[in-house]
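Subject: Structure for you to look at, with notes

Dear colleague,

Here is the structure I promised to pass on, and my notes follow below it. Please read them with the model open beside you.

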Amino acid sequence: MSVTHKKVAILISGGGSNMVSLAKSMVGDHPARPCLVLSNVPGAGGLNKAADMGIATAVVDHKDFKGDREAFEEALISAIDAYAPDVIALAGFMRILTPRFITHYAGRMLNIHPSLLPKYKGLHTHQRAIEAGDAEAGCSVHEVTAELDGGPILGQARVPILPDDTADTLAARVLPREHALYPAVLRRFVVGDITRVDL
């Protein structure tokens, strides 16, 4: 009896460390498999890592579209839909997506964000948590909606902020938590389970 796995497309812009943790988790009895790693940056380090893991890769360079976001997203959708994924996982994909793109994948798209949402949407999250005097920081996995970093939160992982932390040292401590949290949420999400995961 053959098992039909759900297909996951992972979108990256850089080194792809979260992509690697997701891909490595989708083995054995996992209900999903990675079908594509796509980057908007031609030289993104994560593309080689994906290829080395035997995952199909694609590039849609946003610079080719000279600020025409609609045309860029049309090309993105074409590249992604060629693989007919069930779920889209944003893993360090550094482009703001329009409502049209988000609607196309409504209910099927996840993102990981390096803060305890709803705090610190957008960029420079670790620095902002330190400057606010917060006792802890962390990361969140959420469903993607038209509001930036604003969709339903499906999981969070926390780390304490230490007295001598910098944005870099805090980011380095949060990253392993990201690598644990995102696969845990994805595994549930692909089978329709949106029970919150807290690590």
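Predicted model: local features only at pLDDT ≥ 70, side-chain atom pairs only at ≥ 80, totals over all residues.

The domain in the record

UniProt, in an unreviewed entry, places the feature "domain: Formyl transferase N-terminal" at residues 6-186. In the model, the span of residues 6-186 is 35% helix and 24% strand, and its end C-alpha atoms lie 11 Å apart.

Ser13 sits in the loop that runs between strand E1 (6-12) and helix H1 (17-25). Its relative accessible area is 12%, and because buried means under 20%, Ser13 counts as buried. The side chain of Ser13 makes a polar contact of 2.6 Å with the side chain of Asn40, and the side chain of Ser13 also reaches the backbone nitrogen of Met94 at 2.8 Å. If neighbours within four places in sequence are left aside, the residues in contact with Ser13 are Ser39, Asn40, Val41, Ala44, Gly92, Phe93 and Met94.

Helices H1 and H6

How do the axes of H1 and helix H6 (residues 167-189) cross? They come within 9 Å and cross at roughly 45 degrees, and H1 and H6 are therefore oblique to each other. The crossing in which H1 passes H6 is right-handed. On the H1 side the contact is made by Ser17, Asn18, Ser21, Leu22 and Ser25, and on the H6 side by Leu175, Glu178, His179, Tyr182, Pro183 and Leu186.

Leu110 in strand E5

Leu110 belongs to strand E5 (residues 109-113) and is buried, with a relative accessibility of 0%. Not counting residues up to four places away in sequence, Leu110 touches Ile88, Ala89, Leu90, Val141, His142, Glu143, Val144, Leu154, Tyr182, Val185, Leu186 and Phe189. Tyr182 and Leu186, which are among these contacts of Leu110, also take part in the contact between H6 and H1. As a distance to check in your viewer, Leu110 and Ser78 are 32 residues apart in sequence and 19 Å apart in space, C-alpha to C-alpha.

The loop between E5 and H5

In general, most residues other than glycine have a negative phi, and most peptide bonds are trans. The peptide bond from Leu117 to Pro118, however, is cis, with omega near 10 degrees, and Pro118 lies in the loop between E5 and H5. His124, which is in the loop between E5 and H5 as well, has a positive phi of about 55 degrees although it is not a glycine, and at 64% relative accessibility His124 counts as exposed. Lys119 is also found in the loop between E5 and helix H5 (125-131), where at 41% relative accessibility it counts as partly exposed. The side chains of Lys119 and Asp134 are joined by a polar contact of 3.2 Å.

Asp149 is placed in the loop between strand E6 (136-143) and E7, and its phi is near 55 degrees, a positive value in a residue other than glycine. Is Asp149 buried or exposed? With a relative accessible area of 10%, Asp149 is buried.

Asp165 is located in the loop between strand E7 (153-160) and H6, and at 10% relative accessibility Asp165 counts as buried. Its side chain reaches the backbone nitrogen of Leu162 at 2.8 Å, and a polar contact of 2.9 Å joins the side chains of Asp165 and Arg173. Apart from residues up to four places away in sequence, Asp165 touches Ile130, Pro160, Leu170 and Arg173.

Lys49 in helix H2

Lys49 lies in helix H2 (residues 45-52) and, at 38% relative accessibility, counts as partly exposed. Among residues beyond four places away in sequence, Lys49 touches Gly15, Met19 and Val20. The C-alpha atoms of Lys49 and Gly28, which are 21 residues apart along the chain, are separated by 20 Å.

Definitions and conventions. Residues numbered from 1 in each chain as written. Heavy atoms only, no water. Helix = DSSP H or I, 4+ residues; strand = E, 2+ residues; numbered from the N terminus. Buried < 20%, exposed > 50% of the residue type's maximum accessible area, 1.4 Å probe, protein only. Polar contact = N/O pair within 3.5 Å; in protein donor to acceptor, adjacent residues only side chain to side chain. Contact = heavy atoms within 4.5 Å. UniProt positions renumbered as here; feature names shortened; annotations may be inferred. Axes fitted to C-alpha atoms, helices over the stretch in contact; angles between N-to-C directions. Parallel < 35°, antiparallel > 145°, perpendicular 65-115°, else oblique. Left-handed = near helix turned anticlockwise from the far one by under 90°.
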